[in-house]
Amino acid sequence: MSDSLNAPEVPQPDHHPGVSVRYTRAKGEPRFPDGPKADPAGSHFERRIRSFQPRRSRVTAGQADALQRLWPKWGLDIDGQRVIDLAELFGNDNPVVLEIGFGMGEATAQMAAGEPGTNILAVDVHTPGQGNLLNLADQHGLANVRVGNGDAIILLREMLAPDSLDGLRVYFPDPWPKKRHHKRRLIQPEFLSLAATRLKPGAVVHCATDWEPYAEQMLEVLTAHPDFENTQGDGGFAPRPQFRPLTRFEGQGLDKGHVVNDLLFRRVQR
């Protein structure tokens with residue numbers, strides 16, 4: 001979901017926000033000198049099977065401007081080299097929810113506005129989305145949003161302390177529909193075991209997908225995991241919580257007859 005390996009696009013002085021721009025960068029010149037790094041973890045960690053893939057997409061002038069201006073303030077490169085002090089990162093001791101994969105960030109911004117007392121650490125590898133979310137946070141004064149750039153697995157494993165998260169959100173992850181690619185799906189027993197070590201007892205994992213076979217697998221894997229229990233008494237899917245906005249993408253899917261399933265599982269004390 002990143003375009004970090006593609007030809008760069010950065011704003012020129014004559015362009016206006018919302019206009020896509022492209023130019024040839026000199027060899028070795030950073031794409032955004034004050035923005036997110038192309039590969040923050042570098043070769044420090046093993047190249048395991050990834051649950052995300054690069055995606056070609058243009059960066060608008062407004063998004064690039066937000067990356068340059070706001071990344072030093074609200075951005076986090078996931079380099080795996082240190083454990084983060086979340087209270088220092090956000091400037092307060094409010095609860096922190098990790099969101100993995102936020103697309104263009106519209107839903108994240110809406111949730112942050114609706115929950116000002118909850119900090120959201122939103123992680124993605126899609127540069128235009130990072131810039132767009134930073135821009136939205138700036139425009140709406142959302143001081144409770146931080147944008148992470150890189151691999152969420154490295155973040156969980158290397159950079160977050162045990163019992164440091166109050167929630168985990170995974171909305172519309174890549175379903176990897178082909179059977180030979182199912183091993184790339186994020187919601188797997190190994191991922192849940194790692195996440196459980198970083199979630200406080202009582203923290204909720206909230207997943208949503210419009211790919212029904214993946215929803216069934218999520219339900220099966222979460223139900224079988226000893227560190228989690230379903231918040232639904234019948235052991236099934238949950239109604240969409242009011243705090244999760246209905247996105248344009250989701251609305252288009254519903255118009256086409258897609259079924260969206262939410263899963264809400266609680267981290268249990270062991």
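**Entry 1: confidence.** For the chain the mean pLDDT is 86, and 83% of its residues reach 70 or more.

I keep in mind that this is a predicted model, in which local features need pLDDT of at least 70 and side-chain atom pairs count only at pLDDT 80 or more, while totals for chains, interfaces and linings use all residues. Residues are numbered from 1 along each chain as its sequence is written, and side-chain values use heavy atoms, with hydrogens and water left out.

**Entry 2: the sheet.** I looked up the strand order and found an open sheet of 8 strands, β1-β4-β3-β2-β5-β6-β8-β7, with mixed pairing; strands (E, at least two residues) and helices (H or I, at least four) are DSSP runs numbered from the N terminus, and two strands pair if DSSP finds at least two bridges between them. β1 (75-77) and β7 (228-230) stand at the edges with a single partner strand each, so one side of each is left without a neighbour in the sheet. From one strand to the next the twist averages 25°, angles running from 0 to 180 degrees between N-to-C directions of axes fitted to C-alpha atoms, for helices over the stretch in contact.

**Entry 3: strand β2.** I then followed β2 (residues 96-100), which runs parallel to β3 (residues 119-124) and is joined to it by 5 bridges. Val-96 stands opposite Asn-119, and Glu-99 has Ala-122 as its bridge partner. Because 5 of the 5 residues of β2 are buried, the strand is largely enclosed by the rest of the structure; buried means under 20% relative accessible area with a 1.4 Å probe, protein chains only, whereas exposed is over 50% and partly exposed lies in between. Val-96, Leu-98 and Ile-100 are buried on one side, and Val-97 and Glu-99 on the other.

**Entry 4: helices.** In α5 (residues 152-159) I found 6 of 8 residues buried, among them Ile-153 and Met-159, and what covers the buried ones includes β1, β2, β3, β5 and α6. Helix α7 (residues 212-224) lies across β6, β7 and β8, at about 15° to β8.

Notes:
pLDDT is the predictor's confidence in each residue, from 0 to 100. Contact means heavy atoms within 4.5 Å.
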